[in-house]
Amino acid sequence: MQRPTMPSGPRPNRESGFAAQFGTREHPVKQNHISKVLSILGFSLSVLVVSYVMSSVHVEGFELAVAVAVVYGLLKFFLYKVLVILFLPFVILSLGLFLVVINAGLLWTTERLIDGFAIDGLFNTLTASVFISILDVLFRWVLPFVWRKIINNGRERIGPDGGIR
């Protein structure tokens, strides 16, 4: 019995990573920067939408919403894991619901650090934190599709197999 052999000839050009995901041949470092910008934009839009929906959340403009997103992102980057470990018994006992309190605390800290961004009251901070988190997830899901449409407008799209579609 003869073993099957691999077919000879050129191997298909299979792209992975950024080219397969976004349909372009940009460098992965650029994709990482784009991802960060889209994350900041998504959080900024979340803050703006919540400020329009909730009368207790006040933001003075889009630039300030971007500043809120940057400061909140830095606070979350440096403090979130430490706070989760510090309050792990509460997180476990509440089946993860205490994470909302941690996010609200980070949002409250952001409010104290930035002039022009205000949330009236503790309950409103908790509510705004939940709405901002939900909208942030939604915008982080939608914005890459919008970005792909903008990037690929008028250009040929490169498929995951390396061919042009």
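**Close-up views of a predicted chain**

The chain exposes about 11300 Å², and carbon and sulfur atoms supply 67% of that area. Keep in mind while you look around that this is a predicted model.

**View 1. The whole chain, before we zoom in.** You can pick out six helices and two strands here. Walking from the N terminus, the elements come in the order α-α-β-α-α-α-β-α. The chain has 165 residues, and 32% of them count as buried. Now take the contacts between residues at least 6 apart in sequence: 65% of these join residues at least 24 apart.

**View 2. The largest nonpolar core.** This core has 25 residues, and Val-47 and Phe-117 are the ones with the most contacts inside it. Helix H2 (28–53), strand S1 (57–59), helix H3 (62–86), helix H5 (98–113), strand S2 (117–119) and H6 each put in at least two residues. As a general rule, nonpolar side chains in soluble globular proteins tend to be buried together.

**View 3. Who touches Phe-117?** Skip the residues up to four places away in sequence, and Phe-117 still touches Val-47, Val-57, His-58, Val-59, Leu-64, Val-68, Leu-107, Thr-110 and Glu-111.

**View 4. Along helix H5.** H5 has 16 residues and reaches 23 Å from its first C-alpha to its last, close to the 22 Å expected at 1.5 Å a residue. Its buried residues are Ile-102, Asn-103, Ala-104, Leu-106, Leu-107, Thr-110 and Glu-111. What do these buried residues pack against? Their partners are H3, helix H4 (88–93), S2 and H6.

**View 5. Ala-104, a residue of H5.** Ala-104 sits in helix H5. Is Ala-104 buried or exposed? Ala-104 counts as buried because its relative accessible area is 4%, and the cut-off for buried is under 20%. Leaving out neighbours within four places in sequence, Ala-104 is in contact with Thr-125, Leu-126 and Ser-129. Ala-104 and Thr-127 are 23 residues apart in sequence, yet their C-alpha atoms are 8.3 Å apart in space.

**View 6. Thr-125, on the H6 side.** Thr-125 belongs to helix H6 (residues 122–152). With a relative accessible area of 3%, Thr-125 is buried too. Where does its side chain reach? The side chain of Thr-125 gets to the backbone oxygen of Gly-121, at 2.7 Å. Setting aside neighbours within four places in sequence, Thr-125 is in contact with Ala-104, Leu-107, Trp-108 and Ile-119.

Technical notes
Residues numbered from 1 in each chain as written. Predicted model: local features only at pLDDT ≥ 70, side-chain atom pairs only at ≥ 80, totals over all residues. Heavy atoms only, no water. Helix = DSSP H or I, 4+ residues; strand = E, 2+ residues; numbered from the N terminus. Buried < 20%, exposed > 50% of the residue type's maximum accessible area, 1.4 Å probe, protein only. Polar contact = N/O pair within 3.5 Å; in protein donor to acceptor, adjacent residues only side chain to side chain. Contact = heavy atoms within 4.5 Å. Core = buried A, V, L, I, M, F, W, Y, C linked by side-chain atoms within 4.5 Å. Expected span 1.5 Å × (residues − 1). Areas by Shrake-Rupley, 256 points an atom, 1.4 Å probe, with all protein chains shown as cover.
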